[in-house]
Amino acid sequence: MLDRLSAFLDRHARVLLTTHENPDGDGVGAAVALAAHLKALGRQARIVVTPALPENLRFLDPEGWIEAHDPGGVHRDLAAWPDAWLLVDASEPHRMGPLFTAFEGTTAARACLDHHLKDAPQGFDAEFTDAAASASAELVYDLVRPVRPGPLPAVMAQALYAGLVSDTGNFRHSNTTPKVHRIAADLIAQGVHPARTFNALYQTATPAKLRLFGRALGSLSLKDGGRFAYVTVTRADLTACGATHEDLDELVEEPRKLRGVEVAALFSETADGRSKVSLRSRERVDVNVVCRRFGGGGHRLASGAKAAMPLGEFVTQVEAAVLGQMATDLA
Ligand SMILES: [Mn+2]
């Protein structure tokens with residue numbers, strides 16, 4: 001797969017890298033590392049994200065490579081720029097959000113690089129996926145490291161490390177393999193600071209975020225004898241706390257902390273009025289199956305979905321699906 005990816009990148013002089021809407025540390029980290037690699041080879045690489053890069057990921061872009069998608073302005077003709085358009089850390093074109101329109105209109109070769117579990121990706125000319133990888137950053141590392149045996153550029157090492165940290169939940173999730181630790185060890189030996197990375201990624205809460213967490217924890221619901229736990233956040237909650245949707249990050253980890261919980265969920269209302277769920281499974285329940293039923297997906301132990309229905313109705317439907325899946329998987 002990586003040989004195919006390498007050949008694909010070799011065939012295209014101008015590579016546009018994008019990731020899923022609301023970029024995370026892995027999508028951004030993998031894209032930055034790959035851009036650093038391509039630029040060092042003398043290729044043209046751009047990274048466009050939507051919406052803008054979150055505050056806590058800015059340290060991954062010290063060179064200012066990342067462009068916030070501006071469809072009415074500088075990116076009006078974005079579709080015409082690339083020879084290849086590579087979606088990083090997702091394998092469903094619509095997950096690009098507003099960037100999808102340009103993606104649809106480009107004559108560039110369209111490809112994806114991803115580690116999420118999905119059916120065969122649709123809508124691409126080439127796909128580079130490996131569900132066994134912990135993170136997209138792991139795939140980029142595997143692509144880059146053999147051809148760069150010496151010291152890695154600092155930007156690249158930092159970006160790859162942040163990607164691993166993000167998708168393994170600080171080396172806590174079940175995708176934390178011996179290989180992940182070996183890669184991390186290599187990157188730390190290159191000069192990456194684990195504590196500084198953790199502080200930059202996660203120790204960034206605002207008072208509004210803590211107030212929102214307090215309010216959300218007050219909504220805690222327990223079902224099935226405490227095996228399913230969830231919290232709910234409405235747009236009114238966000239407003240009351242002066243919080244933003246970015247402040248919901250990591251909130252789903254709170255109900256997951258409960259002893260005896262098999263599945264934890266965060267239900268929220270999106271800015272465009274849809275309902276959203278983030279599901280986390282302790283180990284045995286496949287929440288990817290649940291989310292796919294609602295048009296979403298992700299991994300077996302971490303998935304999400306959105307639906308155009310009122311939050312209360314969505315909670316009822318997802319709860320029924322989760323309890324059904326738990327009955328199957330915990331039998
Ligand atoms: Mn990822």
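**View 1. Ser 275 of strand β10 and its partner in β12.** In β12, Ala 307 is the bridge partner of Ser 275. β10 and strand β12 (residues 302–307) pair in the antiparallel sense, over six bridges. Strands here are DSSP runs of E with at least two residues, helices are runs of H or I with at least four, and both are numbered from the N terminus. Two strands count as paired if DSSP finds at least two bridges between them.

A word on reading these views: this is a predicted model, in which local features need pLDDT of at least 70 and side-chain atom pairs count only at pLDDT 80 or more, while totals for chains, interfaces and linings use all residues. Residues are numbered from 1 along each chain as its sequence is written.

View 2. Strand β9 (residues 263–269) runs antiparallel to β10, and seven bridges join the two. Val 263 has Ser 281 of β10 as its bridge partner. The hairpin of β9 and β10 has five residues between the strands, and Gly 273 in this hairpin takes a positive phi near 85°. Which residues of β10 point which way? Ser 275, Val 277, Leu 279 and Ser 281 point one way, whereas Lys 276, Ser 278 and Arg 280 point the other way. In a regular strand, side chains alternate between the two faces of the sheet. Seven of the seven residues of β10 (residues 275–281) are buried. Buried means that 20 or more other C-beta atoms lie within 10 Å of a residue's own; with 12 or fewer a residue is exposed, and in between it is partly exposed, with C-beta atoms placed from the backbone.

View 3. β10 belongs to an open sheet of six strands, in the order β7-β8-β9-β10-β12-β11, with mixed pairing. Its edge strands are β7 (221–223) and β11 (297–298), each of which pairs on one side only. Helix α12 (residues 311–329) lies across β7, β8 (228–233), β9, β10 and β12, and runs at about 165° to β9. Such angles run from 0 to 180 degrees between N-to-C directions, using axes that are lines fitted to C-alpha atoms, for helices over the stretch in contact.

View 4. Helix α2 (residues 25–40) has 16 residues and reaches 22 Å from its first C-alpha to its last, close to the expected 22 Å. That expectation is 1.5 Å times one less than the number of residues. The helix is mostly covered, with 14 of its 16 residues buried, and it is followed by Gly 42, whose phi is positive, near 85°. The largest nonpolar core has 61 residues, of which Leu 17, Ala 33, Val 140 and Leu 160 touch the most other members. α2 gives the most to this core, with nine residues. A nonpolar core is a set of buried Ala, Val, Leu, Ile, Met, Phe, Trp, Tyr and Cys residues joined through C-beta atoms within 7 Å. A second, separate core of 31 residues includes Phe 213, Val 233, Cys 241 and Val 263.

**View 5. Around Leu 17.** Leaving aside neighbours within four places in sequence, Leu 17 is in contact with several residues, among them Ala 31, Leu 34 and Ala 35, as well as Ile 47 and Val 88. Contact means that two C-beta atoms, placed from the backbone, lie within 7 Å.

View 6. Thr 50 and Pro 51 are joined by a cis peptide bond, with omega about -10°, and Pro 51 lies in the loop between β2 (44–49) and β3 (66–68). Phe 171 is a residue other than glycine with a positive phi, near 60°; Phe 171 lies in the loop between α5 (154–168) and α6 (178–189). Is Phe 171 buried or partly exposed? Phe 171 counts as partly exposed because 15 C-beta neighbours lie inside 10 Å. Glu 250, in the loop between α9 (235–241) and α10 (253–256), also has a positive phi, near 80°.

**View 7. The two domains.** The protein is divided into domain 1 (2–202) and domain 2 (207–329), with bounds that come from an automatic or database domain assignment. Their C-alpha centres lie 27 Å apart. Six residues of domain 1 are in contact with eight residues of domain 2.
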